[in-house]
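This briefing covers the ligand site and the salt bridges of one structure.

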Amino acid sequence: MKKIQVITLLPEIFEPVINSSMLFKAQKIGAVDYQLINLRDFGIGPRQQVDDTPYGGGDGMLLMIEPLMKAVKQAKANDPTAEVVLMSPRGQTFDQPIAEQLAQDECGLILLCGRYEGVDERIMSEVDKMISIGDYVLTGGEIPAMTIIDAVTRLLPGVLGGEKSAEIESFANGTKMLEFPQYTRPEEYQGMKVPSVLLSGHHGEIAKWRDNHRLEKNTD
Ligand code: 4HQ
C-alpha cells in the first residue's frame, strides 16, 4: 500500500480528484492511501496565520517556516520513512520514468504544496527532493501534486486492471512515442470511416498497422 500525504492550504480541491473513478478504485482495492493535511491547522495565533511578507522586501507573501515545519513533522510522525517532495519550478521536471520510480519505491510520499510566492527557504532542511511539472509559473503546488498523484497511482499494482498499459502505452519503451490512433463505434460517422484493417480481425495485420501509425510527439 502506497501512502501519499499532501500538505496544502486547499485540501478540499483534492477531494473531487481523489474520489474520481480510477483514484477512488485505487483506494478501494488498498493500492493507495491518501491523507490530506491542512496547513491552516498549524497556523499561528488566533487567526491561524500561515503567511508573512518576505525579509528584504518584494512582492507577495511567503508560507512561514513554523506552520510548514509543524505540518511536515506531523506527516513524518504518521510515516517516518516517507520522502518529502516540494512542488517547485526549481525541481526536476516530472516525467514517466520519475512516476514509475515513485510508484516502485516502497516508501510513502509527503507532497508539500506551496502557495503565494512560495515557502520560507528553511523548509529545505526537511525536503528530500523538488519536482516541477514544467517550466511555467502556477499559483500553487496543488495542481502539480494532483498530477503526481494521478500519474503514480495508476502505475500501482492492480490499479489499471489486468496487466494492460505498460507495454502498449506511450513512453513504455523509453522512446517518446504516442499512442496509435484508436476508434470505437460507429464504423462510419459523417462519412469518416474506421480503417478497414481494424475491422478485419487479423491480429497480425492490426499490430502492423498500429506500429506503422504510432503518432510521434509533436515537438513544435
Ligand atoms: N510553483 N511545478 C508553487 C510552480 C510549480 C511548477 C510556483 C510551485 C508557485 C507556490 N510547481 N509555488 N511549475 O509553478 O511545480
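Which protein residue has a backbone N or O atom 2.9 Å from an oxygen atom of the ligand? That residue is Leu-138. The model is predicted, so local features need pLDDT of at least 70 and side-chain atom pairs pLDDT 80 or more, while totals for chains, interfaces and linings use all residues. Residues are numbered from 1 along each chain as its sequence is written, and side-chain values use heavy atoms, with hydrogens and water left out.

**Ligand contacts**
- A nitrogen atom of the ligand lies 3.0 Å from a polar backbone atom of Tyr-136.
- Gly-134 places a backbone N or O atom 3.1 Å from a nitrogen atom of the ligand.
- The protein buries 94% of the 360 Å² that the ligand exposes when taken alone (Shrake-Rupley method, 1.4 Å probe).

**Shell around the ligand**
- The ligand is surrounded by 16 residues (a heavy atom within 4 Å), and Ser-132 and Ile-133 are among the closest.
- By class, the shell holds 9 nonpolar, 6 polar and 1 charged residue; Gly counts as polar and Tyr as nonpolar.
- Strand 5 (83-93) and strand 7 (129-132) each give two or more residues to the shell (strands are DSSP E runs of at least two residues).
- Strand 5 gives the most, with 3 residues.

**Salt bridges**
- The whole structure contains 10 salt bridges (a side-chain nitrogen of Lys or Arg within 4 Å of a carboxyl oxygen of Asp or Glu).
- One of them joins Lys-70 and Glu-66, at 3.0 Å from N to O.
- Lys-70 and Glu-66 both lie in helix 3 (residues 65-78), 4 residues apart, about one turn of the helix (helices are DSSP H or I runs of at least four residues).

How values were computed. Polar contact = N/O pair within 3.5 Å; in protein donor to acceptor, adjacent residues only side chain to side chain.
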